[in-house]
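Here are my notes for you to read next to the model. Take them point by point and keep the 3D view open while you go.

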Amino acid sequence: MGVVVDKETALKLIEEILSQYPAKAKKDRAKHMVVAEPGDDKCIPKSNVKSRPGVMTVRGCAYAGSKGVVWGPIKDMIHISHGPVGCGYYSRAGRRNYYIGTTGVDTFVTPHFTTDFQERDIVFGGDKKLEKAIHELNQLFPLAKGFTIQSECPIGLIGDDIEAVARKTSKEIGKIVVPVRCEGFRGVSQSLGHHIANDSMRDWIYEKGVKGQEIEPSPYDVAIWGDYNIGGDAWASRKILEEMGLRVVTQWSGDGTLSEVANAVKVKYILVHCYRSSNYLARYFEEKFGIPWIEYNFFGPTQIFASMRKIASLFDEKIQERTEELIEKVYKPRLDRVIEKYRPRLEGKTVLLYVGGLRPRHIITAFEDLGMNVVATGYEFAHQDDYQRTLHYIDKNATIIVDDATAWEIEELTRKLRPDLVASGIKEKYQAQKMGVPFRQMHSWDYSGPYHGIEGFEIFARDVDMAVNGNVWKFIKAPWQQ
């Protein structure tokens with residue numbers, strides 16, 4: 001069983017890891033590794049800076065942040081990867097953004113659309129090729145409601161005027177065409193891609209007054225914001241909100257449509273799931289349309305019930321009473337049975353958690369609901385405000401926090417902390433398993449999910465137990481056990 005370390009021991013572990021770096025690299029990486037204790041309010045690592053050359057970072061690029069995260073899940077638009085074939089081909093369908101519809105007829109999330117740049121396009125430009133692709137796709141898929149142009153690295157280098165192409169083709173086909181300047185080399189991580197995608201949506205949808213389907217307004221209209229429906233997460237959230245008596249007008253952007261995105265201007269509240277990738281538009285909505293936003297967390301019973309009550313407090317007594325009844329009579333007994341089943345098998349087990357987005361903080365309490373201790377956490381592409389939001393989740397034990405961890409640091413943290421579970425991304429999966437350590441993939445739920453909401457916690461608890469207590473690990477020895 002893994003061990004929970006105190007702050008002094010954790011600082012020594014960090015020093016041991018850093019000691020293997022050259023002096024300059026050690027000085028730099030030391031700023032990105034801290035130890036937080038319950039009650040700390042200022043223990044924040046340096047973040048959102050360029051990864052050190054020569055280290056194996058697990059960050060993504062701006063193109064990944066725009067197409068792969070924000071725009072890609074909008075299901076009735078075609079998202080064109082403008083550039084060489086590889087970026088789109090090797091990233092398609094990887095995030096498991098679930099959606100309802102007939103693929104290739106009225107929904108287009110999983111297919112790969114590309115302008116397939118060749119050497120001649122780099123030399124002579126790809127504007128005409130892009131224009132031709134939009135017209136061809138519009139003929140082939142007439143039910144597509146619009147297009148986005150997702151720029152890959154060469155586009156920013158050769159200077160293709162994608163904005164001019166977007167304006168021209170939009171007039172010709174009578175549909176919205178959104179240019180997105182998300183070339184992969186921009187910024188320090190996928191985080192800038194989120195920001196660019198938010199800004200392009202602001203400029204080409206909301207500022208231009210794109211209209212959604214007509215709906216009759218109600219006092220209970222809300223938008224799910226920054227949930228990309230990975231493994232069905234947004235559906236699980238929607239179910240809770242609708243059972244509370246609210247009406248979900250917009251899912252932004254998982255299983256969302258262009259009409260839903262446009263209709264977000266009609267809601268009473270924006271409910272933010274992934275703050276990092278969607279706060280830019282949420283703030284814009286508050287400033288431009290006077291629509292307030294709040295964050296919520298539907299991972300694990302403690303946070304589900306707290307978030308339900310926080311959301312209900314924004315509405316009338318009818319919603320508040322219905323919410324309390326749901327919690328006490330339906331949800332709590334159901335989730336208590338889950339905890340009763342799995343907590344005895346997981347009590348005291350430790351977790352090394354390293355992901356992106358919101359999960360390095362939001363999932364901490366879900367593990368704690370099962371009696372587990374998160375001994376280390378960290379983000380791939382966080383900003384300072386993400387770490388500030390993380391500190392109040394650290395309420396049980398000293399926790400190592402790592403920003404933009406290198407492959408070496410993750411390996412050494414695993415070796416020294418000996419966690420019972422590593423919960424991270426696909427790039428870290430096989431590293432952990434080769435070390436004989438159980439692993440759960442926290443980007444796309446390892447082909448499981450949802451992990452959000454009521455049924456999500458049931459699945460989460462089952463999967464964590466299956467990983468930690470699986471018989472296979474009895475036959476694989478970690479290096480420190482040999």
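**Notes on strands, salt bridges and a surface patch**

1. Let's begin with strand 13 (residues 421-424): Leu421 and Ala423 point one way, Val422 and Ser424 point the other way, and all are buried. In a regular strand, side chains alternate between the two faces of the sheet. Bear in mind as you look around that this is a predicted model.

2. What does strand 13 pair with? Strand 10 (residues 350-355) runs parallel to strand 13, and three bridges join them. Leu352 is the residue standing opposite Val422 in strand 13. Strand 13 also pairs with strand 14 in the parallel sense, again over three bridges. There, Ser424 has Gln441 in strand 14 as its bridge partner.

3. Six strands make an open sheet with mixed pairing, in the order 1-12-11-10-13-14. Which strands sit at the edges? They are strand 1 (33-36) and strand 14 (439-441), each of which pairs on one side only. On average, neighbouring strands of this sheet are turned by 15° against each other, ignoring direction.

4. Elsewhere in that sheet, strand 11 (residues 373-379) and strand 12 (residues 399-403) run parallel and are joined by four bridges.

5. Five of its five residues are buried, so strand 5 is largely enclosed by the rest of the structure. Ile176, Val178 and Val180 point one way, while Val177 and Pro179 point the other way. Strand 4 (residues 146-151) runs parallel to strand 5, with five bridges joining the two. One of the pairs to look for is Ile149 with its bridge partner Pro179 in strand 5.

6. On to charges: the count comes to 35 salt bridges. Take Asp404 and Arg59, whose closest N and O atoms are 3.5 Å apart. This pair links distant parts of the chain, 345 residues apart: Asp404 is in the loop between strand 12 and helix 18 (407-417), and Arg59 is in the loop between strand 1 and helix 3 (62-71). Are these two buried or exposed? Asp404 counts as buried because its relative accessibility is 5%, under the 20% cut-off. Arg59 is buried as well, at 9%.

7. Compare that with Lys288 and Glu207, whose side chains meet in a salt bridge at 3.6 Å, N to O. They too link distant parts of the chain, with Lys288 in helix 12 (residues 275-289) and Glu207 in the loop between helix 9 (190-206) and strand 6 (221-227), 81 residues apart. Lys288 is partly exposed at 47%, and Glu207 is partly exposed at 41%.

8. For a pair within one helix, go to helix 18. Glu412 and Arg415 meet in a salt bridge (3.1 Å, N to O). They are three residues apart in helix 18, so about one helical turn separates them. Glu412 is buried at 9% relative accessibility, whereas Arg415 is partly exposed at 28%. Both belong to a network of salt bridges that links Glu16, Glu411, Glu412, Arg415 and Lys416.

9. Val85, Tyr89 and Tyr90 make a nonpolar patch of about 390 Å². Val85 is in helix 4 (residues 85-89), and its relative accessibility of 38% makes it partly exposed.

Methods. Residues numbered from 1 in each chain as written. Predicted model: local features only at pLDDT ≥ 70, side-chain atom pairs only at ≥ 80, totals over all residues. Heavy atoms only, no water. Pairing = 2+ DSSP bridges. Axes fitted to C-alpha atoms, helices over the stretch in contact; angles between N-to-C directions. Patch = residues over 30% accessible without salt bridge, like charges linked within 9 Å, V, L, I, M, F, W, Y side chains within 5 Å. Areas by Shrake-Rupley, 256 points an atom, 1.4 Å probe, with all protein chains shown as cover. Salt bridge = Lys/Arg side-chain N within 4 Å of Asp/Glu carboxyl O. Buried < 20%, exposed > 50% of the residue type's maximum accessible area, 1.4 Å probe, protein only.
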